[in-house]
Amino acid sequence: MFDVRRLRLLRDLSLHGTVTATAEALHLSGPAVSQQLATLEKEAGLPLLEKQGRTLRLTAAGRLLVEHTEVILGGLSAAEADVRALRAGHRGVVRVAAFPSAARVLLPTVWRALAREAETAAPELRIVEHEPGPAADALRRREADLAVVHAYTLLPRTLPPGCEQHRLLDDPVLLALHPSTAARLCIEPGRKADLARLADENWLLPGPETSCHELTQRACGAAGFVPRATVLASDFSVLTALVGAAAGVALVPRMALPADTNGISLHPLARPVTRTVSVLNRTGDARQPHLGLVIDALRLAASQEAEAAEGITAPVA
């Protein structure tokens with residue numbers, strides 16, 4: 001029978017890549033980690049790791065064992081959470097990692113919904129802002145319990161091992177122009193826009209550390225040109241403010257728009273691009289009551305946001 005502690009070590013090594021990094025993360029010595037992993041290989045009767053440069057990577061048997069380990073750890077986590085809840089008389093703490101516009105738009109609604117559940121011992125919510133990649137990493141490292149992430153139709157994202165995904169909403173990407181720019185290009189208010197017509201415009205791009213930056217590059221590339229970036233800013237409120245000052249044009253997911261869009265002409269794309277927003281949890285964790293409450297509240301917030309957005313995103317007939 002496998003020892004859960006050794007299985008956890010193998011899973012942690014798959015995240016950190018080296019014995020040294022794994023040992024540091026777990027406050028163990030390198031030899032102790034190596035010894036435990038060697039024992040696990042003997043128990044498995046198959047090689048679980050192989051060298052790749054300075055790092056170790058999982059063999060096919062190692063990957064299979066890590067997948068099962070994620071399920072086992074998820075079940076143990078659920079049991080521990082339930083026991084803690086019984087001891088403490090409440091449903092615990094839920095740590096949510098979310099990308100900025102989801103944190104701004106969805107999580108306040110979630111917070112209010114949980115506050116209304118106070119009499120039924122709703123969980124305490126703790127929020128940290130992360131881009132989708134780091135949010136998923138935090139989830140797998142057990143630094144977060146839920147990760148709110150996104151993936152673009154032009155920039156798909158694979159589901160991390162050991163995770164479950166719950167789709168929340170489809171967030172359309174819009175072209176944001178100054179009204180004078182739209183008039184000059186003969187793009188009527190609310191009409192679909194062909195990006196090829198904007199090849200000579202100044203482009204306001206999200207920072208290169210974000211997936212939104214790559215999305216803009218790919219969307220413009222599909223339209224036949226490389227965007228001339230005159231501004232790089234990771235905050236969409238900065239980009240939309242500059243669009244309102246006629247500094248250039250930008251692609252903006254609808255959920256990232258500011259509350260006040262006066263002075264900005266918004267247009268669906270002739271070749272639609274969508275950002276799918278989802279919440280991830282570790283496999284099996286969604287059965288935990290306190291996590292289930294937060295996931296349900298996220299679904300409700302996403303449904304309300306999608307309904308409120310219908311008038312903004314519908315193209316003019």
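**Close-up 1. C212, a buried cysteine of the predicted model.** C212 counts as buried, at 6% relative accessibility. The structure shown is a predicted model. C212 takes part in no disulfide. Its nearest cysteine sulfur belongs to C220, 13 Å away.

Close-up 2. C220 is in no disulfide either, and the nearest cysteine sulfur is that of C212. Across the whole structure, the search finds zero disulfides.

**Close-up 3. The buried side of helix 2.** Helix 2 spans residues 19–26, and V19, T22 and A23 are its buried residues. They lie on the same side of helix 2, because they cover an arc of only 100 degrees around the axis. These buried residues pack against helix 1 (4–16), helix 3 (30–44) and strand 2 (55–58).

**Close-up 4. The exposed face and the end of helix 2.** T20 and E24 are exposed. Both sit on the face of helix 2 turned away from its buried side. H27 follows helix 2. The phi of H27 is positive, near 60 degrees.

**Close-up 5. A nonpolar surface patch of V4, I72 and L76.** These three residues form a nonpolar patch on the surface. Together, V4, I72 and L76 have about 200 Å² of accessible area. L76 belongs to helix 4, residues 60–88. With a relative accessible area of 34%, L76 is partly exposed.

How values were computed
Residues numbered from 1 in each chain as written. Predicted model: local features only at pLDDT ≥ 70, side-chain atom pairs only at ≥ 80, totals over all residues. Heavy atoms only, no water. Disulfide = S-S within 2.5 Å. Buried < 20%, exposed > 50% of the residue type's maximum accessible area, 1.4 Å probe, protein only. Patch = residues over 30% accessible without salt bridge, like charges linked within 9 Å, V, L, I, M, F, W, Y side chains within 5 Å. Areas by Shrake-Rupley, 256 points an atom, 1.4 Å probe, with all protein chains shown as cover. Salt bridge = Lys/Arg side-chain N within 4 Å of Asp/Glu carboxyl O. Helix = DSSP H or I, 4+ residues; strand = E, 2+ residues; numbered from the N terminus. Arc of directions from axis to C-beta. Contact = heavy atoms within 4.5 Å.
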